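My entries follow in the order in which I looked things up.

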Amino acid sequence: MPMRSLSAVAAAVCATAVAFVLALVAVPPAGAVTAGFDFGRAQVSVTGLQVPWGMAFLPDGSALVTERSLGRIMQVRPGETPVAVATVPGVSAIGESGLLGIAVSPTYEQDRWVYVYFTTATDNRVARLRLDAPQSLQVLLSGIPRASFHDGGRIAFGPDGMLYVATGDAGDTANAQDLGTPAGKILRMRPDGTVPPDNPFGTFVYSYGHRNVQGLAWDEQGRMYATEFGQDTFDEVNRIVAGGNYGWPICEGRCSNPEFRDPIVTWATAEASPSGLAYANGTLFAAALRGGRLWTVPLTADGDAGTPVAELQGAYGRLRAVAVGPDGWLWVATSNRDGRGMPTADDDRIIRIPPADDGPTGSPTPSVTPTVSPTPTGSDGPSACTATYRVVNDWSGGFQAEILVRNTGTARMTGWRVEFTFPDGQTVTQLWGGRHTQSGASVTVVNESWNGALAPDGTTTVGFTGTHRGANGVPSPVTCTPA
């Protein structure tokens, strides 16, 4: 399809700058509760973005959003004007290329690293930077073939702490089957940019035979999934395994060839063109560009797919990114100013879908045997809450845990305070879904303003990573007090 001229893009920038909508705008789509989210209460929470592409969250609950064509990283909060916090140097945006994926270091509170995937005049690169010094970015991987289309670009940290990088075939279909090039692959690297020793081919390559992957997500068991653009016939969702060959260009969709892994879901390209991917509540959420909808894909116990259901169909135009925010809401970014959409005055936008009052939500966590605080404890009375602590992953010297806060009162609760004492001297390193302070072994967690009110029996989840010295006992009691 034809792309906008530079002058048209400049005009769109000016027009949109005037059209910021700062208040939350409720737009009633046709959907209802699906996979734990209430699509009937979707909200336009952020407006005035310029071709948003990647989205990742800081510990304070705000989101970092990349603007593909302008090379900017925007910090966004619901109901507020987006703020440019960095411009990535050297970005060349032609066609589908530019500043694409973004990921926040799992240990951001200590190292302040933000990771990006972007196109230069000669290649695609993975780099990391600090928001207060973006010109001093460190390039971790260069030489990924670039083109005006099929650049891939999604990056995400997996539950194993490794950075996964989705690339496209850069318009050369032979790249996908060539293990000697990073194009047409999913790559895996350590946070410092080195090759993990357990990668299947001794290189960055984790899986291959991909045409153009733009979505990555993991379920509770640590199983990995990816969305992939087809050519003319089938778009795909694939379950990704180390060393897997996904068939492109020999196979598009399911081909039942034992040399290749078949997708778990296929769509006609007009129904999807899937980009971003997220997971929550036993369900994958795939943002569809050409399809103009959010596909919800329930997963079975063995990691296969049930029957997909389309939400937000035709409500907001082209959808590029989707993520489960630390507030427990589903965040979806549009892509209507990319030259292929029909933008409204306040595009591009971020839509947030609240969790259903009676459904759990949360970010994907690895497969471990959870260690749970024995009895939820909290306040009693008309205004009351409980807090339950559990360890969801544990490794040498570190762990990941979460706290489930439940409103056990009879009225909506606008704030809460959770307190506990670590039994083995553990230290919280990064927390999302709330705000914390720690003094010695004593930890206090309070809600952020954007958490919103909790309805009676409603829940919200706070997640965090931490360090320990050999032992990792569960604190008890864990108390909750309405604020």
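I looked up Ser-273 and found it buried, with a relative accessible area of 11%, where buried means under 20%, exposed means over 50% and partly exposed lies in between, for a 1.4 Å probe and the protein chains only. Ser-273 has a positive phi of about 55° although it is not a glycine, and its place is in the loop between β20 and β21 (274-280); strands here are DSSP runs of E with at least two residues, numbered from the N terminus.

Before going on, I noted that this is a predicted model, in which local features need pLDDT of at least 70 and side-chain atom pairs count only at pLDDT 80 or more, while totals for chains, interfaces and linings use all residues. I also noted that residues are numbered from 1 along each chain as its sequence is written, and that side-chain values use heavy atoms, with hydrogens and water left out.

I then turned to Ala-35, which is not a glycine and has a positive phi of about 55°. Ala-35 sits in the loop between β2 (33-34) and β3 (37-38) and is partly exposed, its relative accessible area being 22%.

Next I checked the cis peptide bonds. One runs from Trp-248 to Pro-249, with omega near 5°, and Pro-249 belongs to the loop between β19 (234-240) and β20 (265-268). Another joins Asp-347 and Asp-348, with omega of about -5°, and Asp-348 lies in the loop between β26 and β27.

What does the side chain of Arg-128 make a polar contact with? I found the side chain of Tyr-115, at 3.1 Å, and I saw that the backbone oxygen of Pro-191 lies 3.2 Å from a polar atom of the Arg-128 side chain. Arg-128, in strand β11 (residues 124-129), is buried yet has no salt bridge, and Asp-111, the nearest side chain of opposite charge, is 6.2 Å away. A salt bridge needs a side-chain nitrogen of Lys or Arg within 4 Å of a carboxyl oxygen of Asp or Glu, and Lys and Arg count as positive, Asp and Glu as negative, with His and the chain ends not counted.

On a 1 Å grid over the protein atoms alone, a cavity is a set of points where a 1.4 Å probe fits but cannot get out, a pocket is an open set with protein on both sides within 12 Å along at least five of seven lines, and lining residues have an atom within 4 Å of a point. The second largest pocket has a volume of about 540 Å³, volume being the space filled by probe spheres set on the points, which are joined across faces, edges and corners. Its lining has 25 residues, and Ser-273 returns here as one of those nearest the centre, with Glu-96, Phe-229, Arg-318 and Arg-340.

Methods:
Helix = DSSP H or I, 4+ residues; strand = E, 2+ residues; numbered from the N terminus. Polar contact = N/O pair within 3.5 Å; in protein donor to acceptor, adjacent residues only side chain to side chain.
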